Amino acid sequence: MTPRKLIAGNWKMNGSLSANDALLKALLQGVGTPGCDVAVCVPAPYFAQVQSLVAGSPVALGAQDISAQPQGAFTGEQSAAMLKDFGVRYAIVGHSERRQYHGETDDVVAAKTAAALANGITPIVCVGETLAEREAGRTEEVVKRQLAAVIHVNGHCISEIVVAYEPVWAIGTGKTATPEQAQGVHAVLRAQLHHAASEHAAGIRILYGGSMNAANAAELLAQPDIDGGLIGGASLKAPDFLHIIAAAR
Ligand SMILES: O=C(CO)COP(=O)(O)O
C-alpha cells in the first residue's frame, strides 16, 4: 500500500499575525482539493489564529515541538493536551535544530514521540546526518540510530508515526540532496521499519526535508520511498508551497 503523500510546512520561528493571515489566505485560495495531505507547523503563539483560519479546510495544523511531560513545572514547554486544545494534528519531533541548539537526545526525542502518540497527535520524527557524518561515511549508522530510538517506544504502534529524513547539510542551505541520495537513505529507513514492523512499513510515510522547493519537488517526490516533504523556507511563500503540493498529487 502506497500511503497518501504529506506536504508539511515548517515555518520555524517566522511569522506575525499579519504575515500569517496573508500567507494562509493565499494558501487556502489556491489549495482546492489537494491530492495529498497538507499541514502547516506554526509557532505556538499562533495556534489559535491558524486554527481558526484553516478550520474546515484541507490544511491541518501542526506544532514544531511537544513536551514529553504531561503538565507541571516545565517552564516554556507546551504539553500534548495544550496542543490538542487547539486542534493540532501533527507535531515535529527531534528536528535537527532542536537536537543541535537545545541538546535534544535520542531519548528525549523518543519520550516526545511517546507523548504525541499517547495523545493522538501524529509525530513527525526527524532524522538526518550532518555534513561531517556524511563525509565520514556514517549516514546510515546515524539515521538508523535515530530511527531505532523511536521504533522502540513502548506500547505504541509505530504505524502512527511519520518519519522525516532531513540531512542537516541540506537544511536552509539551498543544497538539496539529489533524488538518488535521498531515495538511498529513504530505502534504508524503509528497510529498518520493515524489520521492526513488517505489516506497517509500507504505509509509514517517510518525508524528505532540506531545501525542497518548487523547482526540485517533483523529482524528489517521484522517488519510490519519498512519501512527502517537510518544507522550511519555501513554505513561507504561498505560490512555492502550492507548487510543491501540486507536485505531490
Ligand atoms: O528544516 C527543514 C524543514 O523542517 C527544511 O528547511 P528548508 O526547506 O528551509 O531547507
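Which exposed residues does the face of helix 7 turned away from its buried side carry? They are Glu141 and Arg145, where exposed means that 12 or fewer other C-beta atoms, placed from the backbone, lie within 10 Å of a residue's own, buried means 20 or more, and partly exposed is in between. Before going on, note that this is a predicted model, in which local features need pLDDT of at least 70, side-chain atom pairs count only at pLDDT 80 or more, and totals for chains, interfaces and linings use all residues. Numbering starts from 1 along each chain as its sequence is written.

Let's stay with helix 7, residues 139-151. Helices here are DSSP runs of H or I with at least four residues, strands are runs of E with at least two, and both are numbered from the N terminus. Thr139, Val143, Gln146, Leu147, Ala149 and Val150 are the buried residues of helix 7. They lie on the same side of helix 7 because they cover an arc of only 150° around the axis, taken from the directions from the helix axis to the C-beta atoms. Their packing partners include strand 6 (162-165) and helix 8 (179-196), with contact meaning C-beta atoms, placed from the backbone, within 7 Å.

Strand 6 leads us on to strand 7, with which it pairs in the parallel sense over 3 bridges; pairing requires DSSP to find at least two bridges between the strands. Tyrosine 165 has tyrosine 208 of strand 7 as its bridge partner. Both faces of strand 7 (residues 206-209) are covered, with Ile206 and Tyr208 buried on one side and Leu207 and Gly209 buried on the other.

Technical notes. The expected span of a helix is 1.5 Å times one less than its number of residues. Two residues are in contact if their C-beta atoms, placed from the backbone, lie within 7 Å.
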